[in-house]
Amino acid sequence: MMHNLKSLFARSFFSGLVTALIAQANLSAAAETSLARDANEGWRFIRGEHVGAEAPAFDDSTWMVLDLPHDWSIEPEREIDADAAKGSHDPATPEGPSVGYFRGGIGWYRLHFNAELTDAEKELELILHGAQQECDIWVNGNHVAFQPHGYIPRVVEIAKHLKRQSRDNVIAIRVSNPESNTRWYAGSGLYRGVSLRSHAPLYIPTWGVRADTVWLNENKALVQLQIEVRNNLATPEDVALEAEFISPRGERTRHPLGSLRISPTTTECINQTIEVSTVAPWSPETPQLYRVNVKLFQGDHTFDLAQTAFGIRTIAVDAKTGLLLNGKPMKLFGACLHHDNGLLGAAAFPDAERRRVRLMKASGFNAIRTSHNPPSSAFLDACDEEGVLVIDEFADTWELPKKPNGYQRYFDAHWESDLRSMLARDFNHPSVIMWSIGNEIAERFNPRGIVIGSRLAAFVRSWDARRPITNAINSPWENANLATDWEGNDPAFRFLDVGGYNYAWNHYESDHARFPQRVMVGTESYPHEALENWRLIEAHPYIIGDFVWTGMDHIGESGIGHTEYIDSSANPETTGLKNWDPMPWPFWVNWSGDLDLIGNKKPQSLYRDVVWRRSPVEILVHEPIPAGKKEKVGAWGWPAELPMWNWSGNERKPLEVSVYSRGGQVRLELNGRMIGEQTIDRSKSITAKFTVPWEPGVLTAKVIENGKVIAVKELRTSGVPKRLRAVAEVTRAPTSRSSLVFVRIEILDETGAVVTDAAVDLTASVVGEAELKAFGSANPEDPRSFLDNQATSFRGHALAILRSTGKLGKAQINLSAPGLEPTSLTIDFKP
């Protein structure tokens, strides 16, 4: 039967399909499998509306040929639209700062592939992993699906629409980003890719295997398997199932699951519990994954083999003990993240998704809230493998709008199928510890909202009785009568297992007095309130964690993390930007992240390191404040201070220095001279402030306990830029079009120190088996294109992203800057 599968597709991007399936499944050649295969290469694309483009005979010969994932919003619509000063940004876009000044619109994708007559007994699924924002799908001119939720995958059976006699079948997908649809940058296009899955008429559907840990102790666990089986034949069929567990150590055990008779054109479920001995639990410290292969067969003939990874772990919450993972108390050191990948736009390359997860964990975060929609499968795979916990969120709106063209237009008709897809796809990910049914839902406290919320929560529980459910709830500003009455939110908490509090830490203790059984989590918080939040979390078990807005900078919500200068005599309540206002053009990044757009730590991240006891001391120096001005910091902002002692041109001018520490006493020195000592009242603060006249050299902070120095931090004035350094985060990468290599670029002085205030014009070139996919910096006010080979460093750093050509070989990136020593490095691409 394998030769039929092998001949199903003749296009080059399916070469090696059979070999890959056998290798993954460890099956004999007689077995049929239905593992999905990426179909991301060789798509044709064009922007704009093109009437009739769904028709197979439509002439797409002049369209761009590209490989997914793809986000067209970061590309100029035409070459003549490119502007060196503003890149692909359009200051006239309707949503302006909300979307980082990028445009949406309409785009068409078409894929040509072959289907052979000998495959008539096979069926074929198209799996659309994500199209932003909504899309229609045709197969050979037949409309097969409409998907309105841009973050939800869609599975469509398309075999009946194939032309088996033809060597040219066409999938056409019209994607629409209607603009005025989200409050952040969503991107546009097939940004999460497409898969195709060939299977027999008797099969296990996509996401049809669920593995659920019932209980766990030190030595054993009980895992419940639930398997769906679909019979598309015209006759009833008797089938049997068997599961093979593969432990993290590679140990294999086989478990018969029993038999069942399936009626024609129906789906049946089988449930079985399996005891696992010498168990290897999943946790953030030990992210150990099991695999299960479920075989569907009749006698000696295997119809299907489904595979999934899962982790053995338990979750429980209550107000007395808080969050228990595998029976042990745990706090959530959390970050909210939107879905874009910075210089790549929304394109969900697996390597980019994994990089964000690793950056979060390296910065101390053990949990991510996927704001405000489900993430990509690749993101969750990375969280599973890296050991990061996830709150998986469904939607930003229900029926009431936040933007005119948002998901509320389709909610009533599509919420159930969309939520089902999210739960089915994400169920086996051990990193997902909580479901969120919404974020700041406008109708959450009114009668209709209570009906909707209760219905969503009940639907989730019908799928998953073990994970808790939350909803991110904000002050009820949507209702003028309740705007100052937090208690107006009470009805919205009734059907939740964990109450989500957005910017409401000051209500934790009072709400606990009213509802002592309520478990609480800070689903969003301001960066500058990290200490206040964390003190309450440490003091009370019923508060299980906090998620800052945001863990990393993202495109759009431009400049909400702002700071500005106003006249020193002005009233900050009535002067300048409002707390929640964006910054004007050319600001295009939110700027509230702990990490910047390319992954470097920002000042608030260093402060958080002290709050979380990851660092004993940090020094931040405020930039010179213009004469006659004072600083006004927005709600998500941070003072304009940096871990830097490069302030040339400000000799002897006084600068404000903040030393952050949980130590009792702090001493500050400049070039060996003591500036001063301060005692920190640790019941109120972790901050000591000094005024220091600037001179070049070494600024040193020492933390003193009981007369002894227990920690030291230094800032040194660097020299002028002399050379470039390029550091590849990996030096070997797979030969796949989905493979990326991130190259960090630093501006160094003659001693090898990073010049932390360097803004240097850079040029990059790549030769060999890679292309320059993106090139730029984290500067929130530099809107130039990051798709060409020119960039300017920001605070001494830039980032280049290389994409494999898909061929075996080496690639070399060359970097230069006027007056500086150039550099280069080589990447090895191997299978």
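Let's start with a contact: Pro350, Glu353, Arg354, Arg356, Val357, Arg358 and Lys361 of helix H3 meet Ala378, Phe379, Asp381, Ala382, Cys383, Glu385 and Glu386 of helix H4. By contact I mean heavy atoms within 4.5 Å. Helices (H or I, at least four residues) and strands (E, at least two) are DSSP runs, numbered from the N terminus.

Before we go on, a word on where this comes from. This is a predicted model, where local features need pLDDT of at least 70 and side-chain atom pairs count only at pLDDT 80 or more, while totals for chains, interfaces and linings use all residues. Residues are numbered from 1 along each chain as its sequence is written, and side-chain values use heavy atoms, with hydrogens and water left out.

Back to our two helices. H3 covers residues 350-362 and H4 covers residues 377-386; they pack at an angle of about 40 degrees, with their axes 8 Å apart. The axes are lines fitted to C-alpha atoms, for helices over the stretch in contact, and angles run from 0 to 180 degrees between N-to-C directions. That angle makes H3 oblique to H4. For the wording, angles under 35 degrees count as roughly parallel, over 145 as roughly antiparallel, 65 to 115 as roughly perpendicular, and the rest as oblique. H3 and H4 cross in a right-handed way. A crossing is right-handed if the near helix is turned clockwise from the far one by less than a right angle, and left-handed if anticlockwise.

Now for the next pair. How are H5 and H6 arranged relative to each other? Helix H5 (residues 411-426) and helix H6 (residues 447-463) pack at about 30 degrees, with axes 10 Å apart, and they are therefore roughly parallel. H5 also passes H6 in a right-handed crossing. On the H5 side the contact involves Phe411, Asp412, Trp415, Glu416, Leu419, Arg420, Leu423 and Ala424, and H6 brings Arg448, Ile452, Arg455, Leu456, Phe459, Val460 and Trp463.

Please stay with H5 a moment. Its buried residues include Phe411, Trp415, Leu419 and Leu423. Buried means under 20% relative accessible area, exposed over 50%, and partly exposed in between, using a 1.4 Å probe and protein chains only. What do the buried residues of H5 pack against? They pack against strand S7 (142-147), H4, strand S24 (389-393), strand S25 (432-439) and H6.

Look for Ala530, Leu531 and Trp534 of H9 touching Tyr607, Arg608 and Val611 of H10.

Next, the rings. Rings of Phe, Tyr and Trp (its six-membered ring) pair if their centres lie within 6.5 Å; planes under 30 degrees apart count as stacked, over 60 as edge-to-face, and the rest as tilted. The count comes to 32 aromatic pairs by this rule. One of them, Phe102 with Trp588, is edge-to-face, 6.4 Å centre to centre with 80 degrees between the planes. Phe102 lies in the loop between strand S3 (64-66) and strand S4 (105-113), and Trp588 in the loop between strand S30 (563-567) and helix H10 (603-611), so the pair ties together parts that are 486 residues apart in sequence. Both Phe102 and Trp588 are buried. There is also an aromatic cluster made of Phe394, Tyr407, Phe411, Trp415 and Phe459.

The charged end of Arg518 sits over the ring of Phe493, 3.9 Å from its centre, and that of Arg210 sits over Phe427, at 5.4 Å. The rule is that NZ of Lys or CZ of Arg is within 6 Å of the ring centre and within 35 degrees of the ring normal.

Most residues other than glycine have a negative phi, and most peptide bonds are trans. Yet Leu68 and Pro69 are joined by a cis peptide bond, with omega about 5 degrees, and Pro69 is in the loop between S3 and S4. The bond from Trp585 to Pro586 is cis as well, with omega near 15 degrees. Trp207 has a positive phi of about 60 degrees and is partly exposed, at 26% relative accessibility. Arg652 also has a positive phi, near 70 degrees, and is exposed, with a relative accessible area of 53%.
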